[in-house]
Amino acid sequence: SVTSYSWSRVDLDQLLCIRIEEIPHCRWSSGFRINQDGSFHVTMRGASDLSYFVRVEVTLIDATYHVVISGTARVPPPFKIENLSQSIPVTFFQKNIPDVSKRRELKPSQTVPYAWDDTILKEPKLLLAVADGEQRAYDIETKGEKEPLKYENYIYIAAERSKSSNVRSVRATQRRLGHGSASDEFVLDVPQGKAVLFKRREPN
């Protein structure tokens, strides 16, 4: 369908927001400009914060800006984010957007399409964060290898009481910080920086 449009309030920012009525609980997109030539993707969020994309093309014809909104079958979203790790979920979101509902967790071995939530921010960057690790901003508009995203992954030697005897078994354990329970485990510790002690493991 085709319709004519003009701003009802010239004193407000001239930014257009859209949403897809057929999608339940679809939220309005961030505002985007329609007073200059260009083409870009617009992101909307639905239930469970799932992302939906449309393609927007703006063209000036005979002193009138023509805005064409279409699907993404012909031109898919510009980015694809892959989590190639085997066990580490990664949270990603656009930098300088305080709305936490636009943050999404990417599970291990998961791949999702992506487009900027806010198309008018200058020098947009993507923030990646790992639980028990660091958060880093990346320029994904340029190709090439980026700085690695690091996280803590502790390996410790633990001993636990055998269920069938009083003998304690020693084993090597690898566990991410903040996961698991202390139970009846004992670990090697250096509380004063000198002597090595065998003590009950504390949570976290």
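Trainee: How much space lies in the second largest pocket, and what makes a set of grid points a pocket?

Mentor: The second largest pocket holds about 630 Å³. The grid has a 1 Å spacing and covers the protein atoms alone. A pocket is an open set of its points with protein on both sides within 12 Å along at least five of seven lines. The points are joined across faces, edges and corners, and a volume is the space filled by probe spheres set on them.

This is a predicted model: local features need pLDDT of at least 70, side-chain atom pairs count only at pLDDT 80 or more, and totals for chains, interfaces and linings use all residues. Residues are numbered from 1 along each chain as its sequence is written, and side-chain values use heavy atoms, with hydrogens and water left out.

Trainee: What makes a residue part of a lining, and which ones lie nearest the centre of the second largest pocket?

Mentor: A lining residue has an atom within 4 Å of a point. The second largest pocket has 24 of them. Nearest its centre lie I81, E82, L128, Y138 and L149. Strand 4 and strand 8 each supply at least two residues of this lining.

Trainee: How does the lining of the second largest pocket divide into nonpolar, polar and charged?

Mentor: It has 13 nonpolar, four polar and seven charged residues. Ala, Val, Leu, Ile, Met, Phe, Trp, Tyr, Cys and Pro count as nonpolar, Asp, Glu, Lys and Arg as charged, and the others, Gly among them, as polar. The largest pocket, with a volume of about 820 Å³, is lined by 17 residues. Its lining has 10 nonpolar, seven polar and no charged residues. T3, S4, Y5, H66 and V67 are the closest to its centre.

Trainee: What makes a group of residues a nonpolar core?

Mentor: The residues must be buried Ala, Val, Leu, Ile, Met, Phe, Trp, Tyr or Cys, joined through side-chain atoms within 4.5 Å. The largest such core has 13 residues, and I81, F92, Y114, L126 and L128 have the most contacts inside it. Strand 4 (79-82), strand 5 (90-94), strand 7 (111-114) and strand 8 (126-130) each supply at least two. Strand 8 gives the most, with three residues. A second, separate core has 12 residues, among them F40, V42, M44 and V54.

Trainee: Which residues does I81 touch, beyond those up to four places away in sequence?

Mentor: I81 touches F92, L106, Q110, T111, V112, Y114 and L126. Contact means heavy atoms within 4.5 Å.

Trainee: Why is C26 called buried?

Mentor: Buried means under 20% relative accessible area, exposed over 50%, and partly exposed in between, with a 1.4 Å probe and protein chains only. C26 has 8%, so it counts as buried. C17 has 35%, so it counts as partly exposed.

Trainee: Is S29 buried or exposed?

Mentor: S29 has 6% relative accessibility, so it counts as buried. This residue is in the segment before strand 1 (38-45). Beyond four places in sequence, S29 touches C17, I18, V42, T43 and M44.

Trainee: Is P78 buried or exposed?

Mentor: Its relative accessible area is 51%, so P78 is exposed. P78 sits in the loop between strand 3 (64-70) and strand 4. Leaving aside neighbours within four places, P78 is in contact with H41, Y114 and A115. The C-alpha atoms of P78 and A115 are separated by 6.1 Å, although the residues are 37 apart along the chain.

Trainee: Why is T91 called partly exposed?

Mentor: T91 has 26% relative accessibility, so it falls in the partly exposed class. T91 lies in strand 5.

Trainee: What makes a stretch a strand, and how many does the protein chain have?

Mentor: Strands are DSSP runs of E, at least two residues; helices are runs of H or I, at least four; both are numbered from the N terminus. The protein chain has 13 strands and zero helices.

Definitions and conventions. On a 1 Å grid over the protein atoms alone, a cavity is a set of points where a 1.4 Å probe fits but cannot get out, and a pocket is an open set with protein on both sides within 12 Å along at least five of seven lines; lining residues have an atom within 4 Å of a point.
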